[in-house]
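Subject: Structure handover

Hello,

Please find the structure below, with notes on what turned up in it. The notes follow directly after it.

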Amino acid sequence: MKNSLSTFLGLAATALIISILVFGVGFQMLDKEAGEYEEQIDAVTTDVPTTSSVTP
């Protein structure tokens, strides 16, 4: 009984650590891509003329 509980807890801890690592890597990848996309959107937004900058 003690051996099976120890094995179960070891597997659960391993699965938890792997899940945390996968989530962390995925989050960093998405955050990086979103940051690059945000920079592109900001660049396009600053290039668009507004009505106040257009002279009649």
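Which residues form a negative surface patch? The patch is made by Glu33, Glu36, Glu38, Glu39 and Asp42. One of them, Glu33, belongs to helix 1. Glu33 has a relative accessible area of 49%, and because exposed means over 50% and buried under 20%, Glu33 counts as partly exposed.

Before the rest, a caution: this is a predicted model, and every value here is computed from it.

Overall fold. The chain contains 1 helix and 0 strands. Helix 1 covers residues 2-47, in a chain of 56 residues. Buried residues account for 0% of the chain.

Aromatic rings. In general, two numbers describe a pair of aromatic rings, namely the distance of the centres and the angle of the planes. The structure has 1 aromatic pair. The pair consists of Phe23 and Phe27, with ring centres 6.3 Å apart and planes at 20°. Why is the pair of Phe23 and Phe27 described as stacked? Planes under 30 degrees apart count as stacked, and the planes of Phe23 and Phe27 are at 20°, so this pair falls in that class. The centres also meet the pairing cut-off, which requires them to lie within 6.5 Å.

Both phenylalanines are in helix 1, 4 residues apart, or about one turn of the helix. Phe23 and Phe27 are both exposed.

Regards

Methods
Residues numbered from 1 in each chain as written. Predicted model: local features only at pLDDT ≥ 70, side-chain atom pairs only at ≥ 80, totals over all residues. Heavy atoms only, no water. Phe/Tyr/Trp six-rings, centres within 6.5 Å; stacked < 30°, edge-to-face > 60°. Helix = DSSP H or I, 4+ residues; strand = E, 2+ residues; numbered from the N terminus. Buried < 20%, exposed > 50% of the residue type's maximum accessible area, 1.4 Å probe, protein only. Patch = residues over 30% accessible without salt bridge, like charges linked within 9 Å, V, L, I, M, F, W, Y side chains within 5 Å. Areas by Shrake-Rupley, 256 points an atom, 1.4 Å probe, with all protein chains shown as cover. Salt bridge = Lys/Arg side-chain N within 4 Å of Asp/Glu carboxyl O. Lys, Arg positive; Asp, Glu negative; His and termini not counted. Charge placed at Lys NZ, Arg CZ, Asp CG, Glu CD.
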